[in-house]
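Try each task before reading its solution.

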Amino acid sequence: MSTLDGLWTVERVGGALPPMAGVRKRIRGAAGATVAGPVRMAFDVRGMELRYRAPFVGLVDVLEPAGEDWEGRSTLFGREFGRFRLRRISVTQELQSQLVKHIDEALAMEQNVLRMLDSMISTTDDPEIKQQLREHKLETEKQADRMQRRLEAHGASPSMVREGVGIAQALMKSVLDVARTEKAGRNARDGYATEAMEIAAYQLLERIAERAGDEATAEAARESRAEEEAMARRIEANWDRFAELSLQEAGVAV
Ligand SMILES: [Fe+2]
């Protein structure tokens, strides 16, 4: 009999269950969860039953071994309403799919940054800062290409699996939306926060790629991160200047 521990895909076999594409069960020891996109239903494992916790009390999956897989019956207060099959997802498969997800998110992030840089370039008067932003825009285009190529190397196309762009979008929103009287300081602040976010994303991507044995993606993440770090240092070297420009824009002579 196979153990229940691990990660499983759920396939609908019959009954009143919804389509199960993308539905997974994660089981570890005496507990687990059925996960469908943002919905997570936690359960306790009791023998061969998965007993759902509140707010799904009364819902129980009853399992039976079927070779390497498991067959399951979904029951509500003891009444069967659907049948499904659990197929094991290997760690390697899951690692690859997580890697692709991180690459895709990095690509989405760079595409957002390109829009942000356009906005910053158009709201910056200082010629030297404008030039730095333009140079970083060229770097950012290359970074997006790098991620696009890594995605293609995995046979994936952009946006298949996007979930985690929320942070990037929230950050960009403050940059793109606001009609501002004072730009230099805010551009610098938002730019610096964005670089920090990109550095963090590439640190994670590099490590996940290494664990997945994808050295080319790890190297791409390192290259892009080095550029983001250089950009962050350029901003750091100019805080006095940004403060001065901010005050000038606000009409305060210093
Ligand atoms: Fe970037």
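**Exercise 1: an aromatic pair in a helix**

Tryptophan 239 and phenylalanine 242 sit 3 residues apart, about one turn, in helix 6 (residues 239–249); helices here are DSSP runs of H or I with at least four residues, and strands are E runs with at least two, numbered from the N terminus. This is a predicted model, where local features need pLDDT of at least 70 and side-chain atom pairs pLDDT 80 or more, while totals for chains, interfaces and linings use all residues. Residues are numbered from 1 along each chain as its sequence is written, and side-chain values use heavy atoms, without hydrogens and water.

Task: find how the rings of tryptophan 239 and phenylalanine 242 are arranged.

Solution. Step one: apply the rule that rings of Phe, Tyr and Trp (its six-membered ring) pair if their centres lie within 6.5 Å, with planes under 30 degrees apart stacked, over 60 edge-to-face and the rest tilted. Step two: this rule gives 3 aromatic pairs. Tryptophan 239 and phenylalanine 242 make an edge-to-face pair, 6.0 Å centre to centre with 65° between the planes. Step three: together with Tyr192, they form one aromatic cluster.

**Exercise 2: buried or exposed?**

Task: classify phenylalanine 242 as buried or exposed.

Solution. Step one: buried means under 20% relative accessible area, exposed over 50%, and partly exposed in between (1.4 Å probe, protein chains only). Step two: phenylalanine 242 is buried because its relative accessibility is 8%. Step three: compare tryptophan 239, which is partly exposed at 36%.
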